[in-house]
Amino acid sequence: MTSELDIFVGNTTLIDEDVYRLWLDGYSVSDAVALRVRSGILEQTGATAAVLQSDTMDHYRTFHMLERLLHAPPKLLHQLIFQIPPSRQALLIERYYAFDEAFVREVLGKKLSKGTKKDLDDISTKTGITLKSCRRQFDNFKRVFKVVEEMRGSLVDNIQQHFLLSDRLARDYAAIVFFANNRFETGKKKLQYLSFGDFAFCAELMIQNWTLGAVDSQVDDMDMDLDKEFLQDLKELKVLVADKDLLDLHKSLVCTALRGKLGVFSEMEANFKNLSRGLVNVAAKLTHNKDVRDLFVDLVEKFVEPCRSDHWPLNDVRLFLNQYSASVHSLDGFRPRYRHLDQGSGSPGPLRLEFR
């Protein structure tokens, strides 16, 4: 008796997304098999436990071989050993460089060095993320930082070019690199309510407006380093609170513009001088490295907490900061002394009062 078989031979590398996720999450082969069994895959496919074990091990071997290429994603695109469709290549790269928010919050702003890497055991225990996954994420942050730290040009564009990440993920990595380079403090207890997304939003605005690249696109490290001249200029804001007449006029302009528009108008009017001093003092100290590192701590202490204690709605905070900045331009004797900063870049922020 003879049997006829249809045989198909191909060399396309098969990628099981579920197994890839288990590998990225740092599970061992045995743990991955157990999790796959629990998912009901044996009943769904009719496979045996031995076949599932072999399949998982085969995928893990493939991922280990691919990992060296994932360290330099353009190599994955140009190699000929693994025949992987472009859409699958993009998926492999994007997921390899994805990170857990709980993990990035623990290392954001810290130096990406061996000292920080020694803390990964504690971070793993605290977050419940496997140590292997913590190491992968930390090594990815450090790898991206090392590649782009000396490059000219847009930080986001450089990351996309060399690591082939999506725009959103590249922007997140730009924030991580920017915070690591400037060593901003993010771990204090009073900052724990802020998410990585909150800090990434701030990083993007600071890169656009506070860095050397906001002035000169030809300088080295253009999106990494804060513009020292700009930070020095911020010291001149002291006149807003040191000159009583100017302080009173500024308050009058802001109150006139916001009367009837704020639910916390009375609180704002009563505390205007304290809020203004807080903002100006934070800005004026940014010529010192320690004060740069403590920027977010100081902003929370000097501005956020007073607003929170008076129960300011978020929209009222926005209205106040926008009007606080805009009113400065109407102050005689103040406006002509500064270069314009925000041409074509939208509304000025609370510490960005049209300088360049």
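User: Why is the contact between the side chains of lysine 117 and aspartate 139 called a salt bridge?

Analyst: A salt bridge is a side-chain nitrogen of Lys or Arg within 4 Å of a carboxyl oxygen of Asp or Glu. Residues are numbered from 1 along each chain as its sequence is written. The model being predicted, local features need pLDDT of at least 70 and side-chain atom pairs count only at pLDDT 80 or more, while totals for chains, interfaces and linings use all residues; side-chain values use heavy atoms, without hydrogens and water.

User: What makes the pair a link between distant parts of the chain?

Analyst: Lysine 117 belongs to helix α8 and aspartate 139 to helix α10 (residues 131-148), 22 residues apart. Helices here are DSSP runs (H or I, at least four residues), numbered from the N terminus.

User: How many salt bridges does a search of the whole structure find?

Analyst: The search finds 18 salt bridges.

User: Where does lysine 111 lie?

Analyst: Lysine 111 lies in the loop between α7 (101-107) and α8 (114-117).

Terms used
Helix = DSSP H or I, 4+ residues; strand = E, 2+ residues; numbered from the N terminus.
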